[in-house]
Amino acid sequence: MALLPILEFPDPRLRTKAVPVEAAHVTSPQFQTLLDDMFETMYECPGIGLAASQVDVHQRFMVIDVSEEKNQPLVFVNPEIVAKSGEQVYQEGCLSVPGIFADVTRANEITVKAIGRDGAMFELSTDGLLAVCIQHEMDHLDGKLFVDYLSPLKREMVRKKLAKQRRQSA
């Protein structure tokens with residue numbers, strides 16, 4: 001397994017719309033290795049979700065694990081939200097926008113349909129943190145970041161803060 005470099009805002013590659021994964025490709029050894037590398041990268045950061053777009057792979061899949069013990073890995077390939085209801089505000093962060101957190105309003109309950117790591121289609125209804133995380137990662141697959149929910153002024157402040165952090169760490 002290997003740690004993968006994570007693209008950081010405002011990298012334009014984060015705005016790329018991901019293309020669907022061929023279902024037959026999901027169980028291939030190469031794809032399974034990429035999933036392992038994404039989980040390792042996500043756990044190391046540490047994070048609770050990582051979309052392929054964030055590691056410069058512009059295909060529609062993501063890995064998630066919201067468990068405290070980091071022992072409930074979930075894989076969503078070609079995810080599609082088929083139902084949503086309610087509203088919740090959650091303070092979100094992002095591995096592509098390190099050190100920045102902001103309140104984002106999203107659906108409280110969702111049902112998502114996707115292909116799992118085993119190549120089988122599944123449907124999951126969930127709420128709370130997992131629902132937020134799925135919506136956040138699916139935004140990445142559409143080229144959208146959580147900072148897009150902020151005002152233009154706040155988004156510019158985030159961009160400047162990250163640029164300053166990069167200069168200081170260089």
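**Salt bridges across the chain**

Arg-60 and Asp-142 form a salt bridge, with their closest N and O atoms 2.9 Å apart; the term denotes a side-chain nitrogen of Lys or Arg within 4 Å of a carboxyl oxygen of Asp or Glu. Because Arg-60 lies in the loop between strand E1 (49–51) and strand E2 (61–64) and Asp-142 in the loop between H2 and H3, the pair ties together parts that are 82 residues apart in sequence. Helices (H or I, at least four residues) and strands (E, at least two) are DSSP runs, numbered from the N terminus. Arg-60 is buried, at a relative accessible area of 12%, whereas Asp-142 is partly exposed at 37%; buried means under 20% relative accessible area, exposed over 50% and partly exposed in between (1.4 Å probe, protein chains only).

The model is predicted: local features need pLDDT of at least 70, side-chain atom pairs count only at pLDDT 80 or more, and totals for chains, interfaces and linings use all residues. Residues are numbered from 1 along each chain as its sequence is written, and side-chain values use heavy atoms, leaving out hydrogens and water.

A salt bridge also joins Arg-15 to Asp-148, at 2.5 Å from N to O. Here Arg-15 belongs to the segment before H1 and Asp-148 to the loop between helix H2 (128–141) and H3, 133 residues apart. Arg-15 is partly exposed at 36% relative accessibility, and Asp-148 is partly exposed at 24%.

Glu-8 pairs with Arg-166 in a salt bridge, the closest N and O atoms being 3.0 Å apart. This pair links the segment before helix H1 (29–44) to helix H3 (residues 152–169), across 158 residues. Asp-11, Arg-13 and Asp-56 form a network of salt bridges. The count comes to 10 salt bridges.
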